[in-house]
Amino acid sequence: MPIQHLSVSDGPDRIAEILERDGGVIVDRVVPREQLDAVHAEMKPYLEATPTGPDRFTGKNTTRVGGLIARSPAAREVITHPLILGGVKKVLSKATNFQLHLTQIIAIGPGEPAQAVHRDQWAFDFFPFPRGYEVQCNTLWAMTDFTAENGATRLVPGSHRAEDKLEFAEGDTEPAEMEAGSALLYTGSLYHGGGANRSDAVRMGLNITYVVGWLRQEENQYLSVPQEIARDLPDDLLRLMGYAQGAYALGYVDDLRDPLEVLRGGQGHKGFGSLESAQERLARKDA
Ligand SMILES: O=C(O)CCC(=O)C(=O)O
Ligand SMILES: [Fe+2]
């Protein structure tokens, strides 16, 4: 099954529909490639200073750098892109809310072999989430063009409904070929892997991942983004980073205080959210 491409005019509902059907989708040319060049320019010193991966899964010829909210103001707009966030929100809508899971540039160098095909949600201790209850949604923005030759991410479309712990070979996968500025979205349940880079140039992608509000984030935003920087960020970005209540009770500070207000220097005595209203909301979603 080939990977479906959409355009920005298709809108968030269509993105979510294809993600629910296939587990992955490409939205072509979401931002001008120059917007991602700006992220690259801000991240270049970190990319240059970071060693390649220690093992085959992270990639011995692959550089991964995170902390994008602190290090790259240009990345913040990509992370909060309304169309993509709209699609993500729908896919994760069985939970009360969602948050940022990680921000990472993945630069696959020439000669890197294909990464083992995997599900990203295995990071949650291989917990067997119910099929159809998506807990994680990835976006991988092409900072360079993604081609089959240079290591475009490889997906097994439809495999989000498959059994857990399966093994797939490269021949079972489809390359997510796309122009720079495009975004690949895939659920945490979809089998995929970084492609082999058989070209002589680096394949660079910006991996921004979101997760339901009741799971632990992969990248620790409270320590990756120093408080001096966090304090000046807009509320919507801070909430996405986790300065908000997950579901109706998770993530408060000491005496049930609201983390966003505490960060801003206020008292923030909020208490829990309402269990009754959370139950009502979930009952509506089940209907
Ligand atoms: O860089 C890619 O194409 C995908 C990498 C990936 O799937 C991962 O590291 O979990
Ligand atoms: Fe992955």
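The model is predicted, so local features need pLDDT of at least 70 and side-chain atom pairs count only at pLDDT 80 or more, while totals for chains, interfaces and linings use all residues. Residues are numbered from 1 along each chain as its sequence is written, and chains are lettered from A and ligands numbered from 1 in the order in which they are written. Helices (H or I, at least four residues) and strands (E, at least two) are DSSP runs, numbered from the N terminus.

**Helix 1**
- Helix 1 covers residues 11-22, and its 12 residues reach 17 Å from first C-alpha to last. That is close to the 16 Å expected at 1.5 Å a residue, where the expected span is 1.5 Å times one less than the number of residues.
- Ile15, Ala16, Ile18, Leu19 and Asp22 are buried in helix 1 (20 or more other C-beta atoms within 10 Å of a residue's own make it buried, 12 or fewer exposed, and anything in between partly exposed, with C-beta atoms placed from the backbone).
- Down the axis of helix 1, the buried residues fall within an arc of 165°, so they line one face of the helix; the arc is that of the directions from the helix axis to the C-beta atoms.
- An α-helix has 3.6 residues a turn, so residues three or four places apart point the same way.
- Just after helix 1 comes Gly23, with a positive phi of about 85°.

- Three strands form an open sheet in the order 7-6-9, with antiparallel pairing (two strands pair if DSSP finds at least two bridges between them).
- Strand 7 (174-175) and strand 9 (192-193) are the edge strands, each pairing on one side only.
- Strand 6 (residues 154-155) joins strand 9 over two bridges, and Arg154 has Gly193 of strand 9 as its bridge partner.

**Around ligand 1**
- The residues surrounding ligand 1 include Asp120, Thr153, His192 and Gly193 (a residue is near a molecule if its C-beta atom, placed from the backbone, lies within 6 Å of it).
- By class, this shell has two nonpolar, six polar and one charged residues. Ala, Val, Leu, Ile, Met, Phe, Trp, Tyr, Cys and Pro count as nonpolar, Asp, Glu, Lys and Arg as charged, and the others, Gly among them, as polar.

- Most residues other than glycine have a negative phi.
- Phe126 has a positive phi of about 60°; Phe126 is exposed, with 10 other C-beta atoms within 10 Å.
- Asp254 has a positive phi near 30° and sits in the loop between helix 8 (235-241) and helix 9 (259-263).
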